[in-house]
Amino acid sequence: MRILKMASIAILGSTALTAPALAEDSHRIVDEPLELSIHMHWPRAQGYGVGGDANQIYPVELAARELTGIHLIDETSGKNTTDYNEAINLLLAKGDMPDIVGGHRVKQPFNEFGPQGAFVPLNDLVAEHAPNIKAFFDARPELWSSIAAYDGNVYYIPYLPDGKYGRAWFIRQDWLDKLGLEQPQNVDELYEVFKAFRDNDPNGNGVQDEIPYFGRDWEEVLRLLTLWDARTSGSDTYHDFYVKDGKIAHPYSQEAYRDAMANLAQWYKEGLIDAEIFTRGSSSRDYLLGENLGGATHDWFASTSGYNVALADKVDGFNFIPFLPPASANGVRMEEHRRIPVKPDGWAISHTNENPVETIKYFDFWFTEQGSLLANFGIEGQTYDMVDGEPIYKDEVLNSGRAVNAQMWEVGSQIQRGYPQDYRYEWQWTRDSARKGIELYDTQDLLVDLFLGVAFNKDEQAVYDKHWPSIETYMLERQQAWILGTGDIVADWDDYMAALNKMGLEDVLEVMNSAYARQYGG
Ligand code: CA
């Protein structure tokens, strides 16, 4: 093999014309086409094909077939439901599984049913046949630890997001300018700014109709809690556990949460937060910005920065820009949200697969330079061009008026296979105002370490399943009531904590911590 490779390099040097054919040969896994069936279920598509339609084969799949010789054939269960849990349960009940199982939030079932024999352990396969996957995780060993099951084996290759920042604080800079205000640098200044937005008619229509703070996802109202030094989640999933002093804790059973929530409830009562925060839904950002009503939010850098262009002609002077997280009551500037480096999404090899070596080599293809370009940017010459060694989207992709990620999903890129995301994909459609915001964020040390999750053994899983769903439901019910002004969190706190403990919170924390210690060597 080594001699062949060196010979190839020698030929490449002598005549550039042969380069494409040789490059393809280097990714070839099988001489004759090998068909592997796949389950691929995720929110954007219930099946492996454009929009989930098996008859509309992704252009990226066609290119991968040509390069590798592996042909993926859609065999997705649960095509009639968008519920990923239901889909995976249907698949597991079927018994006769496809060769590859992939999709959204599959880590838990992989790590529960892998050790029981439903999926193939990948440790040796990766070590022996997947040099590119191995190199990725050798450089990030904590990510390999995070995806392992309780038996120490790894059963799936994850989707690995790239980039640092996710959400940011955004404010109507033109409203600040109009009212003669500076960007708020701490929670007290933010309070004064929000009151000014509420009272001083920054949209200039003579009506007190401004909504100082709003959220497209209602959970973003909770993010204000961080301004009083509480936490809302340890990961990019809302309401998640977090690591506190080396142990797993839950944000909603902390005294810092009690005190921060008391402040948040007061802000809500004073009309500084959208009164319809729990009900307005996902169109609230479009609506409240488009109608010149919303003052500030906490949302994604890239998508939120697009409104300055979209609303330039509609709202006079519109300027919605990122600002630094205001310093908390204790003087800490923190951005709690960030991109998680590893997702519970990706793909695994099922026990029915008769070609595990070819399959892991195929998984490895997506971690090669060429595979990663396909997985991130689509087809060279169609969706992007290489310019000075950089993949650059074509103008018709960047300026189509449609989101770039949605266009990628249609060609089969940025879908939930196991692959390393390339942030250059998103940077290209991040507007100047957001790029400036990212540079601003980079002037500070804002990010905190993430909790990357644990894999339970059977007993731990049983404890968690028995107690956690009802505890979380209760926490969220009480949380909403306190924000809306039903009850007083300080007065209710002791009863609340007693109820959580009666419901089994301490048992849940115990299994979380035993699993955490096993997984991360704590
Ligand atoms: Ca007004």
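**Reading helix packing, domains and salt bridges**

Me: Which residues in H11 meet which residues in H21?

Reply: Tyr257, Met261, Leu264, Ala265 and Tyr268 in H11 meet Gln479, Trp482, Ile483 and Leu484 in H21, contact meaning heavy atoms within 4.5 Å. This contact comprises 8 nonpolar residues, 1 polar and no charged ones (nonpolar: Ala, Val, Leu, Ile, Met, Phe, Trp, Tyr, Cys and Pro; charged: Asp, Glu, Lys and Arg; polar: the others, Gly among them). The model is predicted, with local features needing pLDDT of at least 70 and side-chain atom pairs pLDDT 80 or more, while totals for chains, interfaces and linings use all residues. Residues are numbered from 1 along each chain as its sequence is written, and side-chain values use heavy atoms, without hydrogens and water.

Me: How is the geometry of H11 and H21 described?

Reply: Two packed helices are described by the angle between their axes and the distance between the axes. Here the axes of H11 (residues 255–269) and H21 (residues 458–484) come within 7 Å and cross at roughly 45°. H11 is therefore oblique to H21 (under 35 degrees is roughly parallel, over 145 roughly antiparallel, 65 to 115 roughly perpendicular, the rest oblique). Axes are fitted to C-alpha atoms, for helices over the stretch in contact, and angles run from 0 to 180 degrees between N-to-C directions. Helices (H or I, at least four residues) and strands (E, at least two) are DSSP runs numbered from the N terminus.

Me: At what angle do H21 and H22 pack?

Reply: H21 and H22 (residues 489–502) pack at about 175°, their axes 12 Å apart; they are therefore roughly antiparallel. Among the residues making the contact are Met475 and Trp482 of H21 and Tyr496 and Leu500 of H22. By class, the contact of H21 with H22 has 8 nonpolar, no polar and 2 charged residues.

Me: How much area do domain 1 and domain 3 bury between them?

Reply: The size of an interface is often given as the accessible area lost when the parts come together. Domain 1 (2–163 + 343–422) and domain 3 (458–520), with bounds from an automatic or database assignment, bury about 470 Å² between them, 42% of it on carbon and sulfur atoms (1.4 Å probe, summed over both parts). There are 0 salt bridges between domain 1 and domain 3 (side-chain nitrogen of Lys or Arg within 4 Å of a carboxyl oxygen of Asp or Glu).

Key
Buried area = accessible area lost by both parts, 1.4 Å probe.
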